[in-house]
Amino acid sequence: MSANEVLEAEWLDDERPIPGRRLRQRIEKAMGPILAGLLIDAADLITFGPIGVVLGIFVGGGLAYYLGSVEKLPLWKRVLLSILSAIYCSIPFTSMLPAATLLGILIRYWKSEEED
C-alpha cells in the first residue's frame, strides 16, 4: 500500500451504523415483555363480562400469538403463550389483576440476572 492511497470503510447494508438503532434495541429488549404484558392486560380489561368469556379466547389468544411472533419466539412458545393468554382473558374477574404485566416484569428481571 502506498502512502497516497486512502483507506475507505466498506460497510455492508446490515453493518452500517444507524443513529438511534442501539438505543431502540436496548429499549425494546428491556420493555418488550412488559409492554406485551400491558397489552394482554388491556385485552383482558376490554373483554370483561359475560361476552368476555367467549371473546377473551379470541382476543387474548390472537394478541399473544402476534406478540410472540414479534418477539421471534419459537412456534411452540407462541402457541403456549396464546393458550395461556386465551384462558387468562376469558376467565371472569381477572380484569383488575395485572398478572400479564407482572409476569413481563419478572421475565425481564430473570433475563437481566442471566446476562450478569
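1. S90 lies in helix α3, where a helix is a DSSP run of H or I with at least four residues, numbered from the N terminus. The model is predicted, so local features need pLDDT of at least 70 and side-chain atom pairs count only at pLDDT 80 or more, while totals for chains, interfaces and linings use all residues. Residues are numbered from 1 along each chain as its sequence is written, and side-chain values use heavy atoms, leaving out hydrogens and water.

2. S90 counts as buried because its relative accessibility is 14%; buried means under 20% relative accessible area, with a 1.4 Å probe and protein chains only. Leaving aside residues up to four places away in sequence, S90 touches G52, V53, G56 and I57, a contact being heavy atoms within 4.5 Å.

3. The side chain of S90 also reaches the backbone oxygen of A86, at 3.0 Å.

4. The protein has 4 helices and 0 strands (a strand is a DSSP run of E, at least two residues). Along the sequence the pattern is α-α-α-α. Of its 116 residues, 25% are buried.

5. The largest nonpolar core has 8 residues: A36, I40, A43, A64, L67, Y88, C89 and A100. Such a core is a set of buried Ala, Val, Leu, Ile, Met, Phe, Trp, Tyr and Cys residues joined through side-chain atoms within 4.5 Å. Helices α1 (21-46), α2 (50-70) and α3 (75-90) each supply at least two residues of this core, and α1 gives the largest share, 3 residues.

6. A43 touches V59, L63 and C89, not counting residues up to four places away in sequence.

Key:
Buried means under 20% relative accessible area, exposed over 50%, partly exposed in between (1.4 Å probe, protein chains only). A polar contact is a pair of N or O atoms within 3.5 Å; within protein, one must be able to donate a hydrogen and the other to accept it, and residues adjacent in sequence count only if both atoms are side-chain atoms.
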